[in-house]
Amino acid sequence: MKVLLLGATGNLGSRLIPALLAHNHSVVIYVRSESKLKNLIDSAALSKCTIVSGDATNSRAIEEALLNNQCNALINSAGMAAVFPWQAPQMQVIVQAVANAAVEASRKLGYPIRCWFLGGMTVFPFFTEHTLTYECLSQKPASNLKWSILAPSAMAPANKEIGLLEVPRGNPLVAKNDTVPDWSRTFLSGVPYLGMYADIVVNMLRYNTTLEDCADFMAADLTNEESEHVGHRVGIIVSNQKKGQ
């Protein structure tokens with residue numbers, strides 16, 4: 001697919017570039033600072049991509065990038081979710097700009113745009129911003145926007161160096177739509193308030209993943225025209241077989 005990538009200078013976005021290329025996607029990088037991108041990403045990888053300068057909050061510019069490059073897919077890893085309930089949900093400005101741009105571009109191109117958005121585990125009640133992302137995307141026409149939200153826990157780099165991949169690295173992730181896979185309940189689960197937090201503490205570290213695995217997961221899914229994840233929040237965990245190795 002021809003993929004417009006937002007957030008390419010971030011931790012996940014920078015790893016999506018080699019992952020997408022390894023899965024034979026054409027990559028159009030939409031970035032605010034081209035100089036920052038060139039300092040971060042290997043020139044061999046960037047030589048295989050198209051670079052477009054623009055702001056992630058500018059819906060019209062994002063739409064033009066989709067139209068001018070005739071993209072049929074998009075990944076948004078830009079923006080930082082508010083952690084505390086008293087913080088303004090700044091990420092939503094980006095989510096809405098990107099979603100609106102994709103819908104308008106789809107109407108003009110005559111085909112739906114396949115989109116992945118980065119969210120997070122929604123088990124934490126104070127991460128309301130991920131719920132807002134879901135509500136925003138759910139209201140968009142399914143005929144124009146074939147969206148999914150990746151809902152990982154903490155993501156850490158597997159490697160400090162970011163370079164081209166000769167073949168896809170693969171990933172050990174198990175995914176489940178609209179729920180957290182393999183969630184364990186504690187003996188305190190039935191206790192009001194306390195039980196929910198006890199479950200979170202017990203499970204939290206079990207859902208840690210790597211940035212590279214999450215990047216490969218999304219890049220691989222974009223090769224599947226009939227993805228089961230369209231229209232869903234996607235919870236992920238490293239498979240038990242991999243953990244045992």
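**Salt bridges and nonpolar cores**

In the predicted model, a salt bridge joins the side chains of Lys108 and Glu63, with an N to O distance of 2.5 Å. Lys108 belongs to helix H5 (residues 91-109) and Glu63 to helix H4 (residues 59-68), so this pair ties together parts that lie 45 residues apart in sequence.

In total, nine salt bridges are counted. One of them pairs Glu212 with Arg15, whose closest N and O atoms are 2.9 Å apart. Since Glu212 is located in helix H8 and Arg15 in helix H1, the pair ties together parts separated by 197 residues in sequence. Both Glu212 and Arg15 are buried. Helix H8 also contains Asp221, which ties to Arg114 of strand S5 across 107 residues of sequence; the closest N and O atoms of this salt bridge are 2.8 Å apart. Asp221 is buried at a relative accessible area of 9%, and Arg114 is buried at 6%.

The largest nonpolar core comprises 34 residues, of which Ile17, Leu20, Ile29 and Ile75 touch the most other members. Elements contributing two or more residues to this core include helices H1, H3 and H8 and strands S1, S2, S4, S5 and S10. Beyond its neighbours within four places in sequence, Ile29 contacts residues including Leu5, Ile17, Leu37, Leu46 and Val52. A second, separate core of 28 residues includes Ile62, Ala78, Ala105 and Trp147.

Key: Residues numbered from 1 in each chain as written. Predicted model: local features only at pLDDT ≥ 70, side-chain atom pairs only at ≥ 80, totals over all residues. Heavy atoms only, no water. Core = buried A, V, L, I, M, F, W, Y, C linked by side-chain atoms within 4.5 Å. Buried < 20%, exposed > 50% of the residue type's maximum accessible area, 1.4 Å probe, protein only. Helix = DSSP H or I, 4+ residues; strand = E, 2+ residues; numbered from the N terminus. Contact = heavy atoms within 4.5 Å. Salt bridge = Lys/Arg side-chain N within 4 Å of Asp/Glu carboxyl O.
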